[in-house]
Structures are given as structure tokens and as C-alpha cells.
Amino acid sequence: MKSILFVAHDPGGANVMKPVIEHYAHQHYANEHYAHQSDIQSHCLLLGPARERITLQSSALQYHDVRTVTTPDFPNELSVEPDDLAALLDNLKPHAVFTATSFNSNLERLAVRFANERTIPTFSILDFWSNYAKRFTLDGIVSEPKVLFVADGRMKREAEAELPNTKVIVSGNPHLASIATKYSHARLEASSQIRSPLSRIRFFCENIRHYYPDKPVNEFSIMPNLLQSLIDAGFHGEVLIRPHPMESREPWEEEIEKYEVGITRSSKRFAAKPAIIVRLDTATFDEVLRDRCAAVGFTSMALLETASVGIPTFSYQIAVPNDYFGLPFEEYGITRLKDASDISQLTEPSQPVHPQRQSASSLDAIAIIQQNVAQVLHSSVSFTPSN
């Protein structure tokens with residue numbers, strides 16, 4: 001029996017890995033009744049958000065624990081003790097290691113490095129369009145995976161430029177494809193409702209102030225301008241601020257109190273009740289993707305998720321430097337807000353978005369991944385993944 005060790009930490013990486021792990025677990029269960037079919041035993045080393053999001057229980061899955069330490073400068077993120085990870089690999093002797101690509105944790109970087117040192121085939125899957133080499137660099141050493149699965153042609157070109165020794169394969173994003181299918185009925189019901197102005201806007205944060213303290217613009221700095229522009233556009237309703245999964249909520253609670261004071265004062269000048277109520281978002285992401293709302297942020301992966309299911313989705317780019325933005329916005333149906341006058345688009349009746357280029361279906365993405373992994377696992381010769 002062949003085995004794969006799956007490794008992930010960050011929420012975005014966990015999302016795109018989850019359908020892959022579930023596929024192998026379900027395939028194992030089905031193959032228990034068909035001895036002639038190949039079988040895979042899956043092992044998972046998951047930290048932080050990935051451990052919370054990937055919870056499938058199956059005889060085909062075995063979860064492993066190692067000692068963790070706080071990632072330097074990022075107190076909400078976990079890293080692994082290198083010796084523990086090396087020992088796990090030596091004990092399991094997996095036939096392949098398959099990782100996500102955390103931005104700060106050392107987990108995936110070390111998993112790829114240690115697996116490469118042991119000539120274990122390495123696969124990674126990428127969920128975002130930036131910092132390709134950095135995601136595999138630790139202490140100045142770049143350890144590239146043998147195969148990298150990416151979402152589209154642009155990601156492939158950019159990854160190949162930074163990772164010349166890696167085979168880059170366009171698989172599509174299995175997570176986006178999966179949720180597009182899962183929520184299609186709910187979104188059709190939402191779009192059939194009476195066309196009334198939107199009364200709920202969600203702002204998706206990226207924790208920029210913490211990750212990039214030197215950057216002049218972040219969610220906190222633009223929020224007063226966004227709220228004022230919404231008031232000027234005649235918006236009445238809720239603005240729900242949704243902190244990044246790795247972000248502390250307390251700073252937002254303090255800021256929201258200031259926003260409420262400013263909105264109330266502005267409203268009193270016109271002897272009116274406050275037009276906008278600002279709150280921290282407490283909905284589950286399942287509830288978010290079923291809700292009638294608009295979504296806005298800078299370049300968060302969450303914007304791709306909301307756009308993929310048909311929620312009107314916008315990128316706030318008013319007086320924001322161009323180097324903030326990494327998403328392929330138009331290709332996935334995300335509207336850029338470049339001027340204060342564009343804010344009125346957030347208040348218009350909800351219209352489902354229609355991406356210009358649909359990603360591959362979840363089944364297509366998984367099939368591409370499985371084909372390339374299988375070629376390596378069942379090859380008795382050299383490591384040569386297919387296109």
C-alpha cells in the first residue's frame with residue numbers, strides 16, 4: 001500500500017487541500033471492496049487553522065501531532081520543531097509528501113526540504129498569486145517541491161519564473177470549484193428575490209497592519225473613508241467587518257466604537273437615525289456564502305470564494321498602491337473600486353457575478369492531481385510527472 005503525508009497550516013492552504021484529502025479518503029473506502037484497485041493510506045500533519053478545518057474521520061486517514069512553537073513575530077501562528085518533523089518522516093517513510101504553502105509557518109517549508117533530502121517525491125498546491133519562491137524559502141534556503149499544482153495560466157507563468165526546478169501543472173482550484181457547485185442552488189434562490197437595495201456589506205480583512213506594519217494603507221486606515229463614502233452614496237444597512245482568520249478581533253472592537261461615534265455625530269447633523277450599523281461579523285462562512293450581501297476587501301482570497309458562488313464582490317483600490325493587489329480580478333468576476341464614486345456600486349440591487357473564465361470543476365481538478373500523483377507513486381523508474 002502506498003502512503004501520502006499531507007501537510008498544512010494556513011487557512012487558505014487548508015481550503016485548497018481539503019478536497020484532495022477527502023478524495024483520497026473516499027477512494028480508499030471505495031477500494032476496500034475492490035482488491036484489484038490501487039489504494040492510498042493518507043497521513044495528515046495539520047497545525048493551526050488547517051487542523052480546525054480538516055476534520056474528516058476515516059480509516060484511510062491518520063492524524064499526527066508534533067511539538068509546536070509560536071512563529072517568530074506572528075503570535076497567532078504555529079511552527080514545528082524541526083527534529084520532530086524529521087523524526088515523523090523517518091518513522092512513516094511516506095511514498096510522497098503533499099503540502100500547502102503557508103506564508104509564515106515553517107511547517108510546509110521544512111516538510112518539503114526534509115522530504116527532498118530523503119528523495120521522497122514532493123507535491124505542493126498553491127492558492128494565491130504571489131511570493132512563489134518565498135513560500136519555499138527558510139533561513140535563506142530555497143527548497144522547491146518537485147511538482148506544484150496551480151489555479152490558472154497566469155499562476156503557472158509566474159511560478160515557473162521563480163521556481164525553475166519545479167514542474168508546474170495547472171489543475172484549477174479544487175476548493176473554489178467545490179464551493180461553486182455546493183452553493184449554486186442557494187445563490188439561485190437569492191438571485192430570484194425581489195430586487196431591493198442591498199442592506200448588508202461584508203468587509204474581508206487581510207491583517208495587513210500586522211503582516212506589513214510599514215505599509216501606509218491597511219484595513220484600519222481606509223475604513224473611515226469607506227464608511228463615509230457609503231453614507232454619501234445613501235447606503236442604509238449593516239457593514240460587517242470580518243477579521244482575517246489569523247487576526248485578533250480586539251483591535252477591531254475598539255475601532256468600531258470610534259466609527260459608531262463618528263456615524264452618530266454625522267447623522268445628528270441631519271436629525272436622522274444612523275444610516276449604517278458597523279459590527280464584527282460572527283456568521284459562519286457557510287452562512288456567509290448563502291447570504292444576500294456584497295463582499296469587499298483589498299485582495300483577500302475570500303473575495304475569490306464569494307465571487308465563485310455568485311456574491312457581488314469588489315476590491316477596494318481607492319488611493320491604494322498597486323503593489324497591494326495580486327488577484328486576477330476580472331477573470332473571476334471581481335469589480336475594482338478605483339474612485340469614491342464607484343462606492344455606489346456596493347449599494348445597488350444584488351446581481352450575481354459571472355466570472356469571465358470559470359475554473360475547472362472540482363472533479364476535473366482532482367483528476368489532474370490524482371493522475372500526476374499516481375504516476376509518481378506507481379512508477380518504478382524516474383520521477384517524471386505528466387502534463
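Five bridges join strand β13 (residues 237-242) to β14, and the two strands run parallel. The model described here is predicted. The pair belongs to an open sheet of six strands.

- As background, strands of a sheet pair through backbone hydrogen bonds, either parallel or antiparallel.

**Helices on the sheet**

- Helix α9 (residues 219-232) packs on the sheet and touches β12 (200-204), β13, β14 and β16 (313-316).
- The direction of α9 makes about 165 degrees with that of β12.
- Helix α12 (residues 301-309) also packs on the sheet, where its contacts are β12, β15 (294-297) and β16.
- For α12, the angle is given against β16, and the two directions make about 155 degrees.

- Thr119 has a phi near 55 degrees, a positive value in a residue other than glycine.
- Thr119 lies in the loop between α4 (107-117) and β7 (122-125).
- With a relative accessible area of 70%, Thr119 is exposed, because this value is over the 50% cut-off.
- Asn131 is not a glycine either, and its phi is positive at about 55 degrees.
- The loop that holds Asn131 runs between β7 and β8 (137-138).
- Asn131 counts as partly exposed, because its relative accessibility of 29% falls between the 20% and 50% limits.

**Cysteines**

- Zero disulfides are found in a search of the whole structure.
- Cys44 has a relative accessible area of 1% and is therefore buried, the limit being under 20%.
- Cys293 is buried as well, with a relative accessible area of 1%.

Terms used:
Residues are numbered from 1 along each chain as its sequence is written. This is a predicted model: local features need pLDDT of at least 70, side-chain atom pairs count only at pLDDT 80 or more; totals for chains, interfaces and linings use all residues. Side-chain values use heavy atoms; hydrogens and water are left out. A disulfide is a pair of cysteine sulfur atoms within 2.5 Å. Buried means under 20% relative accessible area, exposed over 50%, partly exposed in between (1.4 Å probe, protein chains only). Two strands pair if DSSP finds at least two bridges between them. Helices (H or I, at least four residues) and strands (E, at least two) are DSSP runs, numbered from the N terminus. Contact means heavy atoms within 4.5 Å. Axes are lines fitted to C-alpha atoms, for helices over the stretch in contact, and angles run from 0 to 180 degrees between N-to-C directions.
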